[in-house]
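Student: Could you walk me through how a pair of helices packs in this model, and then the overall build of a chain?

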Amino acid sequence: MSRLVLRRLAISVSLVFAVSLLTFLLQSLTPGDTARTILGTNYTPEGYAQLRQQLHLDQPVLTRYWDWLSHAIRGDLGTSPISGLGVGTEIANRLGVTLALVLGTTVVATLIGVALGVLSAVRGGVLGRAVDVLSMVGFALPSFWLALVLVLLFAVTLRVFPATGYVPFLHSPAGWAQSLVLPIAALAVHGIAHLAKQTRDGMLDVLSRDFVHTLRANGASESSIIFRHALRNAAIPVVTVVGLMLVSLLGGTVLVEAVFAMAGLGGLAVQSTTQHDLPMIQGVALTFTLIVVVVNFAVDLAYGWLNPKVRAR
Amino acid sequence: MNDQHILFGNSRRKRFGAVLAVLALLVSACGTSGGSDAGSTSGTLTIAKGGPPNSLDPAKISQDWQWYANLAYDPLIYRDPSGTLQPRLAESWGYVGSGNTVFDLKLRPNVRFSDGSPLTADGVKASIEYYRKAHTGSSPLSTVSAIDATGPLTVRLTLAKPNPQLPVVFTQDYGAGNIISSTALANPAQLANATAGAGPYQLDPAGTVANDHYAYVPNPHYWNKESVHYAKVLIRVIPNPNTSLAALKTGQVDVIQGVYSTAEAAKSASLQIASAPQVFVGLALADRAGTVVPALGDVRVRQALNYAIDRQKIANALFGAYGTPTEQIVLPGQDGYNEKPFYTYDPAKAKQLLAEAGYPNGFTLPVVTTSSANIGLTTQAMADELKEVGVRVELTNHPDATSFYKDVAGGKFAAFGIGFGTMPVYLMGQTLYLPSAAQFNPLKSSDPALTGLYDRAAGADDATRAQLDQQIVSWLNEQGWFVPVVFTPVFFFSRTNVAGVESTRGEPIADPVEWRPAS
């Protein structure tokens, strides 16, 4: 297990380094630059050249990357040349929103999706077919469209949830929960559909195996067979899906953030990219990469817990 | 075993209890949704804006985000909702003698900034000088040669070349008149994320989360406390127009800047709508010398393009009752407007002019445009009209404004889509049609007749300048430097609990300083 951890750590460090370099290079290749964003539509060529020099945009890309990296290693992510705000502060301000959305959606989608999948696999019949149909519908519904419909129904018409905004937990726990219900509902539908289908198929596969018949013959209770044996065996692909869902949600929240006017990292990534705000882009990319690394690490550990063969490798 | 069972049972009950607690929390949360109305009943004005400010520094803030600065900075001269100039930090002002080259300001006494420091002539001089240094665009104060504090509360500006629009330049719409505290100017970097003005409010850093919401509280030193109407003003950043409308409908916000696509929905929700035409949209025929597309070098071709456009049809189709078709770069009632029509829709005349210029089969016109500010929609509609007279428009569309302006400034395109806000004809010269207009005159078109009119108008008295401004607009139209099509509207939607949200041709941009609780 310790070898697994060490190997993963080594890969993670390389990944963080590679992503930061790639992000820097790709951003440098896109048309436009920070100086044009700051100057807007009305500027003189002399003013533009002067600002480029001030921002060191006239220096080679690798020189600028090295400058960024040498500061980042020391924990200094720099300052946005557009807003004048510290990159670390801005990310810290928005991380709570993104984590609440991503983790909340993952928990809700996992609980409901797995429950639906188990239920339909065990009961079968109409319920099983209903889960199949719901899965297809869930896959087809775009989350931003669903978000707009939910706002219209539950915020504008019924007035039971707020239409926009995020309330920090420490400011008001009730307001926090209230502000998350609609966005998480909009984001979770896709995950619920995916996980219900995955769990149902996995459970049906495991429940048809010989060892399940043996357990039943030995008098094991049905709940023990379902939860202790079948679900545990069916859980490995489910954990993979949960991990992938969590990672894809990091980028996927951006449209829902826009619909609900929540200032999360997704919106910051889009905004800083269109503004050519390189320090901010690097900071966001670094944060996303670190979250992905942590999630992958957690998924690997979960594999080990669920499957002793993995631990032995 | 029994103990284990009991423990297991307890654990189950605890988990069930926890689930119940979460559900109760959600239900109780649902029950408090009426709190979203609190903004309008607790003395708080909540406004939604489509983006965060690029900076709070009055010298650097873009006009799109002027609300963020105007709440905290009083201008020297205030343009009221009718468009009339009113005293604010300056009690009076005026040009000395003739020629518009010496301008005096008399400041209001006993004014303090939010940091407690007093308004002085030296401070105003320092603030204007800072603006001139820090402002990155082409400056409306470029011809100022000296700024002198001629007394404790009097300032004189001396100009190397005449500028007849200094009173307008010192209103809230241009930034130069938003005076900054001298104390704060000692460290101007802090102005990007803080305020130091003599306006009715000041930024509350504790209640502000940059890029999400900006909180303003009353300035304790404000000279005119009667015009402070709210205990708090909150500007929330809501980029999506549908989302901001939903927030307005549910009472989360009180005023939003709307867009045409949501105007009907706002109307049917019984919200207050204020709207005025603000930006002329059309084509700038930048290649007036015909260096990129030779056809454009012939004035008859540029006139043909103007005759080929059915402006009424495009305005109706794209903006309904809110679109104002136009042949001119100014609106009726504004400086420079000509009553006579120039280009009544006449495709036959367009074809005839093209044939006379040697292009009976038309020509190909590469045009760069952008999806932003309705420019792309309008140029697409124009391309269809121009095709009818044989002009094949090759559109290059940039979804983002930055790439678009880079192409415009590059001068590779003979024509580009343009959206340009209304302003006095003199100020338009520096940004739109003179050779010094870096952005919108990329190929440096110039004509002695135009420059002569401009120079004469700059130094003329008001009555003479009005005539000369008309001649400038007329000259631009007859020479076909632009193909204006429609004045697009600006919208402000508000709830009925707020009064004073106005948008007029004189001052299209509604100013939050004017807004107050409806009685």
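**Helix packing and chain build**

Tutor: In chain B, Ile314(B), Ala317(B) and Leu318(B) of H10(B) meet Leu377(B), Thr378(B) and Ala381(B) of H12(B), where contact means C-beta atoms, placed from the backbone, within 7 Å. The residues of this contact divide into five nonpolar, one polar and no charged, with Ala, Val, Leu, Ile, Met, Phe, Trp, Tyr, Cys and Pro counted as nonpolar, Asp, Glu, Lys and Arg as charged, and the others, Gly among them, as polar. This is a predicted model, in which local features need pLDDT of at least 70 and side-chain atom pairs count only at pLDDT 80 or more, while totals for chains, interfaces and linings use all residues. Residues are numbered from 1 along each chain as its sequence is written, and chains are lettered from A and ligands numbered from 1 in the order in which they are written.

Student: At what angle do H10(B) and H12(B) pack?

Tutor: Helix H10 (residues 311-319) of chain B packs against helix H12 (residues 375-387) of chain B at about 140°, and their axes are 11 Å apart. H10(B) and H12(B) are therefore oblique to each other, since angles under 35 degrees count as roughly parallel, over 145 as roughly antiparallel, 65 to 115 as roughly perpendicular and the rest as oblique.

Student: Switching over, how many helices and strands does chain A have?

Tutor: Chain A has 13 helices and zero strands, taken as DSSP runs (helices H or I, at least four residues; strands E, at least two). The C-alpha trace of chain A spans about 85 × 55 × 35 Å along its principal axes.

Conventions: Axes fitted to C-alpha atoms, helices over the stretch in contact; angles between N-to-C directions. Contact = placed C-beta atoms within 7 Å.
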